[in-house]
Structure formats: C-alpha cells, structure tokens
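Subject: Structure handover

Hello,

Please find the structure below, as promised. My notes on it follow.

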Amino acid sequence: MTPQPFRIAAIPADGIGQEVTAAGQKVLDAVAKNSDGAFAFEWTEFPWGSDYYAEHGVMMADDGLDQLRDFDAIYFGAVGWPSVPDHISLWGLRLAICQGFDQWANVRPVHFLPGITSPLRKADDTKLEWIVVRENSEGEYAGLGGRNLGARGHGGEVAVQSSLFTEVGCERIIRFAFDIARTRDRRKLSSVTKSNAQQYGMVLWDDVFKRVAKDYPDVETESVLVDAMAAKFVLKPEELSVVVASNLNADILSDLGSALAGSLGLASSANYNPERRFPSMFEPVHGSAPDIAGQGISNPIGAIASAGLMLEHFGLTAEAENLARAIRATTAAGVLPRDLGGSATTDEVTDAVIEFLKI
Ligand code: GGG
C-alpha cells in the first residue's frame, strides 16, 4: 500500500524565494523518487507575497492561517520587495505565520562546507559547525509600540518600540536549546543577551538561564553579551556549540555566522512549533535579493538545506543525512554559485546536489 504523502504548503513569495524554493522542491522530489515509493511529497503552492499585496492589499489571504493549518509543513522562500515597505511585507506574511502558528523556536545551523573560502581563513574551517537558536515569538519582535503621528513632518516625532520578555517564553526557548546541546559532541550552551544595558527583559532572561541550567548539569554553560559574542564568532568560533539568544540578537548573529561560513545564501533554518499543534516552517535565512532576482543565479543551498531540516522533522533522518552529504559533495566538487565565487547557475547547483544524492 502506498503511504500517505507528506503534505507541504509551498510559499515561494518574493524575488529569489521563487527560484530557491523551486530548487528545494526539485531536490525533495528526487529524494522521494530515490525512495522507490517508501514516501512521497504532495505540494500545494500559495501565491502570497508582495505581488499578491499589489493586487489585494494584503500579503496573504485573510484566512491564510486556516488554509495552512492542516499541512504537515510549510516551505517558505523569502519576503520583501521594494514596492512594499519592509515592515508591512514581513509582518504581513513571515511573522504572521511564525507568530500565528506559535513557531517559537527558530533553529539556524551554521555549517562550514568544503570548497568554500571562509573569510575566517582558518586552516580547519570545515570542522567548524554550530547552531544558533533564536527565540521566535516575543523579545524585540513583540510588535509593541507606536509612533507619535501628530508631530510627523515637524521634526518632533517620537516612536516607542518595546520588547517583551516573559518567563514562560524565556524558559521554553532556553530548555529547547539545552535539549539540543545535550545531543551534541560538545555539550555546551552559550546564552546571549545585552543585560548590562537592557536591564529588565534581558536580566529576566539571564536569571531564567541560570535557574534552568541547574537541570542540565551535564551541559557546559556561559552567558555572553551580544557584542562580545559577535567578536567570538569571528575570533574563537571553535569554542561554539549551541548559542541561544533573543529574536533580534539571534537574527543578527546567525547572519554573521553564515557570512563567516562564506555567504548568507548557505544558511538554512527551521521555525518550529515544538508542540506540533501547528505546522512548522522551513526556509532559507536569506531575503528576496531583488538585485539578482529572476536571473537564475541565486544560491539555492540555504533553501535545499532547509528542505533537509524538513526531512529530519518528518523522521527521514537517513535521507536528511544523505542530502547534507550531497550538498557537501557539491561544494567540494567546486559547483559554486556566484555569491561563493563560482559561476554555476541555480539550476546547475541544484542538479549537482541531485546527482550526488545517488553517489
Ligand atoms: N527567508 C527569510 C526571509 O524572507 N527573511 C526576510 C526578513 O527580512 N526577515 C527579517 C526577520 O525575519 O527578522
């Protein structure tokens, strides 16, 4: 009997999101084909994003979350286009899904791949590997604040942007990160805040971290200020294993990590609803890159690696490992897109990964 396919909602959205999600879908379909019918993927594509906004005045359908609710996972591209203010496109689509489906844990691995020159230029670059865990539901992305509209245009405008840190929110992401740290060769968790300056929410975070750490005596811990952690990413990356930080800090640090690995185009991510009440969402970390969109030269590796995280989420661990190996084989063979100094097109990189799946 043929098993039920995994039902995936694809939202390519804007710019290079279109090309890289097509690449990831092609790779996953090849993974399914190689399984000889053991499993399959059924894709449903949603046309949401900035073009949809131009036509409908909203980034996604009003009942969008209801349309997505029963899928096994969401595969997302990128959001953002010059015709729509960035805060409208981000809140109208990506954050609407992350927050609407309580995807409170965003996991962003930083992988150093063979064949890529890292700006770190360390002899043993390819051994470097760490995971950034981003709090994905509150913190600096709580959406709290306002603008003093009355004074707009007169030079006296005031805006307030508040962060929200709850004990429940801090504790669940810190425990989530500890649980990941426990599974790794190096059992270490670095907690990142700016609690010397942010004296309420981030001190709460630090206090929760100290309390929760007592339940994980087997995991080495450190608390590091975000500026010092940025320096550590560059100067002592071999000391990192799992790094947990608030929504904004982890977003910035994970971009730094992938840039150090060679390009933002390499970075994969998963937005988990760990309770599995709602679908989780898998997406490359990068944005829509309007400057190169539609030219077929974008780097699909971040999107393909995110599809690998989705395989793991479905329990297809061997397939996920094989895909990670195929990605390494592709870069080691020098099939590199332009952001990595090569000349391979999006399709050529994708096809190389598919070929290496079989070898
Ligand atoms: N694929 C990720 C994406 O589209 N990101 C767009 C973006 O601007 N993100 C900012 C954020 O989520 O903090």
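**The sheet**

An open sheet of mixed pairing is built from 10 strands, in the order 2-1-3-12-11-4-5-10-8-9. Strands and helices here are DSSP runs numbered from the N terminus, strands (E) of at least two residues and helices (H or I) of at least four. Two strands pair if DSSP finds at least two bridges between them. Strand 2 (41-45) and strand 9 (220-225) are the edge strands, each pairing on one side only. On average, neighbouring strands of this sheet are turned by 20 degrees against each other, direction ignored. Axes are lines fitted to C-alpha atoms, for helices over the stretch in contact, and angles run from 0 to 180 degrees between N-to-C directions.

Before the details, two notes on the source. This is a predicted model, in which local features need pLDDT of at least 70 and side-chain atom pairs count only at pLDDT 80 or more, while totals for chains, interfaces and linings use all residues. Residues are numbered from 1 along each chain as its sequence is written.

Strand 4 (105-111) is largely enclosed by the rest of the structure, because 7 of its 7 residues are buried. Buried stands for 20 or more other C-beta atoms within 10 Å of the residue's own, exposed for 12 or fewer, and partly exposed for counts in between, with C-beta atoms placed from the backbone. In a regular strand the side chains alternate between the two faces of the sheet. Here Ala105, Val107, Pro109 and His111 point one way, Asn106, Arg108 and Val110 point the other way, and all are buried.

On one side, strand 4 runs antiparallel to strand 5, joined to it by 7 bridges; Arg108 stands opposite Val132 of strand 5. Strand 4 also pairs with strand 11 (residues 268-272), in the antiparallel sense, over 3 bridges. Val107 has Ala270 as its bridge partner in strand 11.

Strand 8 (residues 188-193) runs parallel to strand 9, with 6 bridges between them. Ser190 stands opposite Glu222 in strand 9, and Val192 stands opposite Val224.

Helix 5 (residues 167-182) lies across strand 4, strand 5 (129-135), strand 8 and strand 10 (242-245), and runs at about 165 degrees to strand 5. Contact, here and below, stands for C-beta atoms, placed from the backbone, within 7 Å of each other.

**Domains**

The domain assignment gives domain 1 (1-107 + 264-359) and domain 2 (118-261). Such bounds come from an automatic or database domain assignment. The C-alpha centres of domain 1 and domain 2 are 24 Å apart. Domain 1 and domain 2 each bring 15 residues to the contact. On the side of domain 1 that touches domain 2, helix 4 and strand 4 each supply at least two residues. That side of domain 1 divides into 10 nonpolar, 4 polar and 1 charged. For these classes, Ala, Val, Leu, Ile, Met, Phe, Trp, Tyr, Cys and Pro count as nonpolar, Asp, Glu, Lys and Arg as charged, and the others, Gly among them, as polar.

**The ligand**

Which residues are around the ligand? They are Ala78, Val79, Gly80, Leu90, Arg94, Asp251, Glu283, Pro284, Val285 and Gly287. A residue is taken as near a molecule if its C-beta atom, placed from the backbone, lies within 6 Å of it. Helix 4 (86-100) and strand 12 (280-284) each supply at least two residues of this shell. The shell has 5 nonpolar, 2 polar and 3 charged residues.

**Single residues**

Most residues other than glycine have a negative phi, and most peptide bonds are trans. Ala13, in strand 1 (residues 6-13), has a positive phi near 60 degrees. Ala13 is buried, because 29 other C-beta atoms lie within 10 Å. Arg276 also has a positive phi, of about 60 degrees, although it is not a glycine. Arg276 sits in the loop between strand 11 and strand 12 and is exposed, with 10 other C-beta atoms within 10 Å.

Gly143 belongs to strand 6 (residues 139-147). With 13 other C-beta atoms within 10 Å, Gly143 is partly exposed. Gly143 and Asn271 are 128 residues apart in sequence and, C-alpha to C-alpha, 18 Å apart in space.

Regards

Methods
Two residues are in contact if their C-beta atoms, placed from the backbone, lie within 7 Å.
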